[in-house]
Amino acid sequence: MAAENPVERLQEEATCPVCLEYFTEAVTLECGHNFCRACISQCWEGSATAASCPQCRETVQQRNLRPNRQLANVIELVKRLSLQAAKGAGGDRVCERHQEALKLFCEEDQTPICVICRESRTHRAHTVVPIQEAAQEYKERIQAHLKTLREEREKLLGLKATGERNCREYLKQTQTERQKIVSEFQQLQQFLEEQERLLLAQLEELDKEIVRIQNENVSKLSEQISRLSELISELEGKCQKPASEFLQEREQTNRAQTKPPATHQI
């Protein structure tokens, strides 16, 4: 038979037989048994002056309840010993109320509890499993969730990579199209500039031709105007002469116009 753990034995002695938790405001009955003041008062609720002890059923007087200060001091020591034992065993967390290692897990309350909490009224009817088993179950759930999250992350990373690749391709296409448009417009601009120079040169030649023709016309008209001006002056001068002189000159002019041309003998 395995040797009894002294710390566990002390814990049992420091536990109220009614609430199964460490004594709170411990009192001693005439029969020598100890209880929490609140627990024994609840057990005796409705009784007059005498009642039976919940543990040995002996009748005791309610007025003879005595505070057990020594037991209260022992309980404090038990709590400290339990805390040290839990830390020595490698436990990082202990029950704040009982200073016991949190070795169990209450599935209803979703909280770690100690062995004393397991027997309390709070958790007695609840489903309790070893904390390592509960932790393993939650780890498996987390691992499954992590797998889903990783798959989702990989999917998003793939979408991101595809989007970035498509973006680079689109930018490459737009850059190629931009260069094509710039090149075409440069060629078009060069063609238009050449056409502009050609048309302007043709207009310049046309301007010169127009000016040349105009100058020729002006020259011819000027000659004609000059001859007409001389003829007008000559006729005006004749009209100013006396009638006899005017008629004599007219006769001479007529004979000169009707005289046959001279013949030359060989």
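**Close-up views of a predicted model**

**View 1. Salt bridge between E25 and R37.** E25 and R37 form a salt bridge in which the closest N and O atoms are 3.0 Å apart. This pair connects distant parts of the chain, with E25 in the loop between α1 (6–13) and β1 and R37 in helix α2 (residues 37–43), 12 residues apart. E25 is exposed at a relative accessible area of 55%, whereas R37, at 28%, is partly exposed. The model shown here and in the other views is predicted.

**View 2. Open sheet of three strands.** The strand order is β2-β1-β5, and the pairing is antiparallel. β2 (34–36) and β5 (66–67) each have a single partner strand, so one side of each has no neighbour in the sheet. Three bridges join β1 (residues 26–28) to β2, and V27 has F35 in β2 as its bridge partner.

**View 3. Salt bridge between R141 and E137 in helix α5.** The closest N and O atoms of R141 and E137 are 2.6 Å apart. Both residues lie in helix α5, four residues apart, or about one turn of the helix. R141 is partly exposed, with a relative accessible area of 48%; E137 is also partly exposed, at 32%.

**View 4. Salt-bridge network of E209, R212 and E216.** Salt bridges link E209, R212 and E216 in a network. Within it, the side chains of R212 and E216 meet at 2.6 Å, N to O. R212 and E216 both belong to helix α5 and are four residues apart. R212 is partly exposed at 37% relative accessibility, and E216 is partly exposed at 37%.

**View 5. Nonpolar surface patch.** I181, F185, L188, F191 and L192 make up the patch, with about 500 Å² of accessible area together. F185 lies in helix α5 (residues 131–239) and is exposed, with 56% relative accessibility.

Key
Residues numbered from 1 in each chain as written. Predicted model: local features only at pLDDT ≥ 70, side-chain atom pairs only at ≥ 80, totals over all residues. Heavy atoms only, no water. Pairing = 2+ DSSP bridges. Helix = DSSP H or I, 4+ residues; strand = E, 2+ residues; numbered from the N terminus. Patch = residues over 30% accessible without salt bridge, like charges linked within 9 Å, V, L, I, M, F, W, Y side chains within 5 Å. Areas by Shrake-Rupley, 256 points an atom, 1.4 Å probe, with all protein chains shown as cover. Salt bridge = Lys/Arg side-chain N within 4 Å of Asp/Glu carboxyl O. Buried < 20%, exposed > 50% of the residue type's maximum accessible area, 1.4 Å probe, protein only.
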